[in-house]
Amino acid sequence: MNRARVLFCLLVPAVVLALSLSAAGSVLAAAATPPQAAAKKVELLFRQGDPPGEVEGLVKAVDAWNAAHPNIQVKFETVPWKDAQAQLVREIQAGGGPDVAQVAFVWTADLGKSGLLTDLVPFIKASPPGKGLQDFLATELGTVGDKIYGLPWTVDTATMVYRPDLLEKAGISRFPDTWEDLARAAKRLTLDTKGSGRTDQYGFCWPAGSGPDGATWFLVNAYLWSNGKSFMKQDAGGKWEVGVSPQDVAGVMRYFKSFFTEKVTPESLIAVSWEGDPEMVGSLARGTCAITNFRLATFRLAAKQSPQPIKMTLEPKGSVKRASHLGGRTLAINPNTKSPQESWEFLKYLASSETFKTYNQFPAQKALLAEVQARLPEAEKAYAEQLTYGTSFRDYIFSGANVNGMWAATNREFGAVFSGQKTIEQGGADLVKAMNALLAEGKK
Amino acid sequence: MGVTPLPRLSPAKPGSGGRQALSGYRLRHLIEPYVLLLPALSVLLVFFFRPALFNIVLSFQRISLFELGRGGKWVGLANFVALVQDPLTELALRNTIFWLTAMTVSLRIALGLVLALLLNTLVIRRWHLSGLARSLVLIPWVTPPVVAVAAWQWLLQARYGAVNQLLVETGLLTDGIPFLARSSTVWWAITAIVVWRELPFVVIALLASLQSIPDEIYEAARIDGANERRILYHVTLPLLRPVLAVVTLLITIWTFNNFLYVWLATRGGPGVRTQVLATQMYLEAFVNYRLGYGAAVGVLMGLIMLVFSVVYFNTAFKKSLGQA
């Protein structure tokens, strides 16, 4: 008997047996299942990007949904922000990906234009979220033409954060109001408190790393916008152009570099990109920094660690206004989802007041925002006020330039200037050149 | 017991089963090696050759991360021209060749050789410390790279790091040095991380080779009046040369396209001081969304690696063929 025949004789009975067993199993399972539970059960995958410590309330909200919706079960997944966009793009183009995804404000339009997100307009018309679309903030960021690719979910910004006791000891009775005041106050707060001959308290700290996800980008934009400038602007004819000259950028670089040259900011922060770095978060607690710049989640982490109270306050004012970035997240539906209607229902739930009872983020809805702001402790009240000064990256998104690329170029050139690799003039010129290249690339 | 008899063949007749059986047997023997190689070849084809080919195709296109499904625009050699003209490419290439590869490989070979010789000394063997010593040497290698970099970042921290605290307490410095933030020290810091984490492989490879050198050769050298220094230069090192060559080439290939250490430690900063080809490729493809341009960087890296690989194969297989 040859090999092929042996294989055939073994394989066929095995296949027949396997099929019989699975059929029998299905019959038994169906018989054991009560009639109402045999209704279609949907499983959705929801993906978000914040670290576990910041989403305990969100997990509770999702658990509550699962308890109330046995036929629509949601699996919660986290992919860190730094990998989130690339992974989402790859998966959706490969036919996979989560059903509902938390997406950054600045990504939504690009993803939508590329056909990687579902148009939500039909869903919004059939079953409006919250108090209606008009109640949502920054909807234009996820809108391309007459399509809406993401529902604004949360908004965030950054504020100045400081140790009131250290300012008091230095004789500073109120927090500096302008950028120049900040520089002067930070100098007064830079001290050798132990008399060891070395500075052990720095006036102002921020993660000044050169990485593409560093925080210098946010401070630089706050400075520019507050002084009436912006990296991108529209000319009188509606054409987008780079809104700053090399001299403008050099001025900003000169301002922030002065913190390093005058040793008001520790040089080691040139190697730190992330505000959640232990050196940053613990700096206020240890008293090694008197003033920093944090998002709300990082402030809360720092407040837990600090034996002394810390407080949030507004970003400094420029010559024109006070400003900070208005960041945020949208919720989007994957075009590959097999359950678009259920995904929409879950999305609406995430945007509802029920979720924000436990999820300690700021909702991107005016009605809900007022509720959340009312619950804020005293030390965080400034955050709510700072949101009113928030400026979104709308102009950058609509200019067509790659916002991630602008972010990376800004941190890179500022980092090169901080570390002495480039002069201020060189850095300013190179950054404007990079912005022009990104704008040109976006127009192609 | 005895030799297995060959299958009985019927007398050959035109179109008969006998000739067919013989040609069937020969055909099976002919194709059998390829059939056995098929699973491994399939894996190589699917997971290595196809992606590499896809990368080459991408490098001739202007395509963003969002256009993978739709395809990009064919631009011929434009990405390569832009790559050559980009001043960052020259910097990244210099950093990759000199700092990331040449410096760390030289240090690893030198230190690896010294450690291997130390671990092979009579003292270590007499006190039965070989096992313990080998285990200690392996500790960096079993530490995940992410953990290793995080630990080193803390060690090198200017204010709280153990390295700076030691240097300040002993009076060698008056103030801590932010090793990873300063242009003049950042590459030394990354070199320390890479060497610490990757040294064990060199030590273990060289130690294994040292331990395979017969003791009789050393005895003969001593009888001939050679001192330890002469034995090292005229006996040990020449015998280690083949392994040294192969290890050097292997770690050169592995280090040249390394992304992890630089990215985790500095993200290519401060500024662009530690930008290497691998980080440039990542930034162009996944931050700037210029997938085609990033692929071109990958092709450049692949071409350079091809040269190293040819040298490696010639060295490794020429040696083994020569020994055969």
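The model is a predicted one. Chain B and chain A bury about 3,000 Å² between them, and the largest nonpolar core has 114 residues.

**The interface of chain B and chain A**

- The size of an interface is often given as the accessible area lost when the parts come together.
- Here that area is about 3,000 Å², with 54% of it on carbon and sulfur atoms.
- On the side of chain B, the residues that lose the most area to chain A are B:F66, B:R159 and B:R267, which together account for 22% of what that side buries.
- Chain A contributes 36 residues to the contact, and chain B contributes 34 residues.

**Polar and charged pairs across the interface**

- Between chain B and chain A there are 4 salt bridges.
- A salt bridge joins A:E267 to B:R182, and their closest N and O atoms are 2.8 Å apart.
- Helix α12 of chain B, residues 277-287, gives the most to the side of chain B that touches chain A, with 4 residues.
- Sorted by class, that side of chain B has 9 charged, 7 polar and 18 nonpolar residues.

**Nonpolar cores**

- Within the largest core, of 114 residues, those with the most contacts are A:F204, A:F231, A:F256, A:I291 and A:F362.
- The element giving the most to this core is helix α9 of chain A, residues 246-261, with 8 residues.
- Beyond its neighbours within four places in sequence, A:F362 is in contact with residues including A:W153, A:V155, A:L296, A:F356, A:L369 and A:Y383.
- The contacts of A:F362 also include A:T154 and A:Q373.
- A second, separate core has 59 residues, among them B:F179, B:L244, B:F256 and B:A316.

**A buried serine, A:S343**

- A:S343 is part of helix α12 of chain A, residues 340-350.
- A:S343 counts as buried because its relative accessibility is 0%, and the cut-off for buried is under 20%.
- Leaving aside neighbours within four places in sequence, A:S343 is in contact with A:L44, A:D99, A:V100, A:I333 and A:T337.

**A partly exposed proline, A:P80**

- A:P80 sits in the loop of chain A between β2 (72-78) and α3 (81-93).
- The relative accessible area of A:P80 is 42%, so A:P80 is partly exposed; a residue counts as exposed over 50%.
- A:P80 and A:P51 are 29 residues apart in sequence, while their C-alpha atoms are 7.0 Å apart in space.

Terms used
Residues are numbered from 1 along each chain as its sequence is written. Chains are lettered from A and ligands numbered from 1 in the order in which they are written. This is a predicted model: local features need pLDDT of at least 70, side-chain atom pairs count only at pLDDT 80 or more; totals for chains, interfaces and linings use all residues. Side-chain values use heavy atoms; hydrogens and water are left out. Contact means heavy atoms within 4.5 Å. Buried area is the accessible area (1.4 Å probe) that two parts lose on being put together, summed over both. A salt bridge is a side-chain nitrogen of Lys or Arg within 4 Å of a carboxyl oxygen of Asp or Glu. Helices (H or I, at least four residues) and strands (E, at least two) are DSSP runs, numbered from the N terminus. Ala, Val, Leu, Ile, Met, Phe, Trp, Tyr, Cys and Pro count as nonpolar, Asp, Glu, Lys and Arg as charged, and the others, Gly among them, as polar. A nonpolar core is a set of buried Ala, Val, Leu, Ile, Met, Phe, Trp, Tyr and Cys residues joined through side-chain atoms within 4.5 Å. Buried means under 20% relative accessible area, exposed over 50%, partly exposed in between (1.4 Å probe, protein chains only).
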